[in-house]
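Subject: Structure handover

Hello,

Here is the structure for you to look over. My notes on it follow below.

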There are 2 protein chains.
Amino acid sequence: MTIDIGAGKLLAQEPTCPRDAHGRPRVFVAGSGAYLTDPDGRRWIDFDNARGSVTLGHGDEEVAEAIARAARGAAGVGTAWSPVLDSLLGQLQEVCGGDVIGLFRTGTAALRSVACAVRDARDKPIILSSGYHGYDPMWHCDEAFSPNEHGIVEFLFDLDVLAEWLASPDQVAAVVISPDHMHLGERWYTEFTRLTREADVPVIADEVKVGLRYRGGLSTDLLDPAVWIVAKCLANGSPVAAVGGDAHLLAGLEEVSFTSYFEPTALAAATTTLRRMATGEPQRAGRAGGDRFIAHARAAFAGASVPIDLAGNGNLFQFVCADDEVQDAFHAASAAEGLLFFEGDNQTPSQAFTAEVAEDACGRIGRVAEALAGRFTDRELTEDSWYAGAWGAMDGLADRPRTREQTNEIVARLWED
Amino acid sequence: MTIDIGAGKLLAQEPTCPRDAHGRPRVFVAGSGAYLTDPDGRRWIDFDNARGSVTLGHGDEEVAEAIARAARGAAGVGTAWSPVLDSLLGQLQEVCGGDVIGLFRTGTAALRSVACAVRDARDKPIILSSGYHGYDPMWHCDEAFSPNEHGIVEFLFDLDVLAEWLASPDQVAAVVISPDHMHLGERWYTEFTRLTREADVPVIADEVKVGLRYRGGLSTDLLDPAVWIVAKCLANGSPVAAVGGDAHLLAGLEEVSFTSYFEPTALAAATTTLRRMATGEPQRAGRAGGDRFIAHARAAFAGASVPIDLAGNGNLFQFVCADDEVQDAFHAASAAEGLLFFEGDNQTPSQAFTAEVAEDACGRIGRVAEALAGRFTDRELTEDSWYAGAWGAMDGLADRPRTREQTNEIVARLWED
């Protein structure tokens, strides 16, 4: 039975996924490596990869075999503890550190639980936050820089605002950020770490997106988090999120228990994937192909006078368009060439993005540039383009010189859209 | 690499699972049908079944094949919408009803999201609640019958308390209950439905445990919920929870989106399992074997003068022991016979609990009764035993005649333990 509900009429939710210009979800029937097949048999190159969670490629043989074996009951059971769980916990500690580890099914659940646990342990009401930490209502802020009803202060990666709050740290339980390496540089992390250390406020690194993305560990040495969360690069798309860190801060996780805790296929996907991600090899492979694609795309856009640039590197990058109109035209042209991008957000090539795939992708993006040539010669990339790009990918402000007044103006403009 | 962390030293959480008398998790390496294999090669009969979520048996061939196929990338991809998702949404609506459907990874996430959505839609602060709705801190109540800081009132299935709150329903957004069919009877549901209808307050049926447990649909016709949640019987242990109901009440789910939303193995497990659960056949099979086991166990305990009775039927039942000492001795004797029970909670035979397995299980429980014979002839099952049993399995009070004063005494006693 297949009911055509493609437009999501029956669905109460609007899950993030590739959609056409009318908001209708794009449908795919199969995937292999870096390619997806749509119902018409057309092959697309996938840069979305389930919002960056398919890091080894679709249908990866080794992961598929591990999952199949677990599904047959040969690698532990959902009822109870298994050697696979011991293995996963050990791997996580080795790769990311921490006194204790916790497991969840989604980043949203992990972040909410961690935030509640740390707040309880520190017995202070405020959490300073930047970046997206999941769909839970606790994170919803109608305005920036002051506490919402749940005690969350959104500081949008603005270090001046952070410094103001940390000047009187008595009320602050923790600072939680989702590190970004496209729009924030070394200076930002150095200053961030100095401020939080001086105030003696623990840092929660929400590395759901970037943990294990760039190498076999957390994304940067410039942070010294008391608690980390990783998820997207853990299990090649299977629903596993992990938390680690200070045992005292995480004591409140004791009550966390869910029915599928020991579900063997997810554990098998995680141990198999993590073993490979820990080596750094999948990251090197994705980076090599991605870097080549970025260089080619940048040259193609420049050559055709299309006002689009790219931020980031081959592991995780973003198209920055002059304005929304350019962006819409770019996505339409890309879809026509079978390039599947995470619109307005970051692109994340998997290990399956080999030299051959990069070659194919470079050809396609070249034709996209040709299709757009001459259409937007009156536009150029501005500071606003870069701020809008950062806003779309990291839910906050790029680290660029600005006054506090300018900050407020930029936020007002971006928040409105 | 296998690290022996069996005692959970590295784990910040204490997930519910079979444990020995010292609280150490029991480890199993494999499962097939109704049987689990421990590291010594001993075969246990599983009545826990991942807290009732493995309804077709461990390693079920059809589910395993569907999962394996999805893992190879042949049944949609984690990146995008797929025909399998359309199919699952259609199946859920057909089986459980509702204008709209929502999907989650855990019952905890589903219940929190639904509660927040319904509260927003109704713009009233209080939710009256009975039963366990997940580990989220919002449900934690230090005392019964009055609101916690999140507006949750725990009424512990006491209809007098419910009636008092519903006498002035202006503040009440909804009533959420986890239906139980071991300790609550027809009279309870009839009265509950009358009270909520008269007050015009929507009912949220948290059927995470019992939905699809007894038949191919929600657990009872005596409720008329505005919103339902099902989970444990949906996907033979894979992490899928579903929500359905009134589109207006669930409008707030629009923002719910998680990375693994389209993860193909979970969708494949759910469509395959749900197709079979919708027929009612797995429920009939588990019930037949379970009923036979219950009758045999009851006779064996009576014959050996062991003060243990059973509540419920073959789909979901509970051992009710005279007191904690009897219960501990029972669980030790059961473990010695390789009977794996969900201690103090409900037992849930799967479809794999065939006549042959029932025969084996009856032999084992007979030997358990023999081992306990003569040891507890001074004890008997009392009203307190039944209240404690209900408390352990349904987080509330069994429906027995009592005054409001007695209610308070019982709650004080049980809450203390």
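Arg112(A), Asp136(A), Arg112(B) and Asp136(B) are linked in a network of salt bridges. A salt bridge here is a side-chain nitrogen of Lys or Arg within 4 Å of a carboxyl oxygen of Asp or Glu. By that rule there are 49 salt bridges over all chains.

Before the rest, the ground rules. This is a predicted model, in which local features need pLDDT of at least 70, side-chain atom pairs count only at pLDDT 80 or more, and totals for chains, interfaces and linings use all residues. Residues are numbered from 1 along each chain as its sequence is written, chains are lettered from A and ligands numbered from 1 in the order in which they are written, and side-chain values use heavy atoms, with hydrogens and water left out.

Confidence

The model scores ipTM 0.97 and pTM 0.97. Chain A has a mean pLDDT (the predictor's confidence in each residue, from 0 to 100) of 96. In chain A, 98% of the residues reach 70 or more.

Asp399(A) and Arg187(A) meet through their side chains in a salt bridge, at 3.1 Å from N to O. Asp399(A) lies in the loop between helix H11 (383-394) and helix H12 (404-416) of chain A, and Arg187(A) is in helix H6 (residues 186-199) of chain A, so the pair ties together parts that are 212 residues apart in sequence. Helices (H or I, at least four residues) and strands (E, at least two) are DSSP runs, numbered from the N terminus. Asp399(A) is partly exposed, at 25% relative accessible area. Arg187(A) is exposed, at 53%. The classes are buried (under 20% relative accessible area), exposed (over 50%) and partly exposed (in between), with a 1.4 Å probe and protein chains only.

In chain B, the side chains of Arg194(B) and Glu198(B) form a salt bridge of 2.7 Å, N to O. Both sit in helix H6 (residues 186-199) of chain B, four residues apart, so about one helical turn separates them. Arg194(B) is partly exposed at 39% relative accessibility. Glu198(B) is exposed at 61%.

Arg215(B) and Asp221(B) also pair in a salt bridge, 3.0 Å from N to O. Arg215(B) is partly exposed, with a relative accessible area of 33%. Asp221(B) counts as exposed, at 67%.

A charged patch

Which residues gather in a patch of negative charge on the surface? They are Asp120(A), Asp123(A), Asp142(B), Glu143(B) and Glu149(B). Patches take residues with over 30% relative accessible area and no salt bridge; like charges are joined within 9 Å, and nonpolar side chains (Val, Leu, Ile, Met, Phe, Trp, Tyr) within 5 Å. Glu143(B) lies in the loop between strand E5 (126-130) and strand E6 (152-154) of chain B. Glu143(B) counts as exposed, at 53% relative accessibility.

Two other positions

Gly73(A) is in the loop between helix H2 (61-71) and helix H3 (83-96) of chain A. Is Gly73(A) buried or exposed? Gly73(A) is buried, with a relative accessible area of 6%. From Gly73(A) to Val63(A) is 10 residues in sequence and 16 Å in space, C-alpha to C-alpha.

Ala299(B) belongs to helix H8 (residues 281-303) of chain B. Ala299(B) is partly exposed, at 49% relative accessible area. Between the C-alpha atoms of Ala299(B) and Pro401(B) there are 28 Å, and the two are 102 residues apart along the chain.

Best regards

Terms used:
Areas by Shrake-Rupley, 256 points an atom, 1.4 Å probe, with all protein chains shown as cover. Lys, Arg positive; Asp, Glu negative; His and termini not counted. Charge placed at Lys NZ, Arg CZ, Asp CG, Glu CD.
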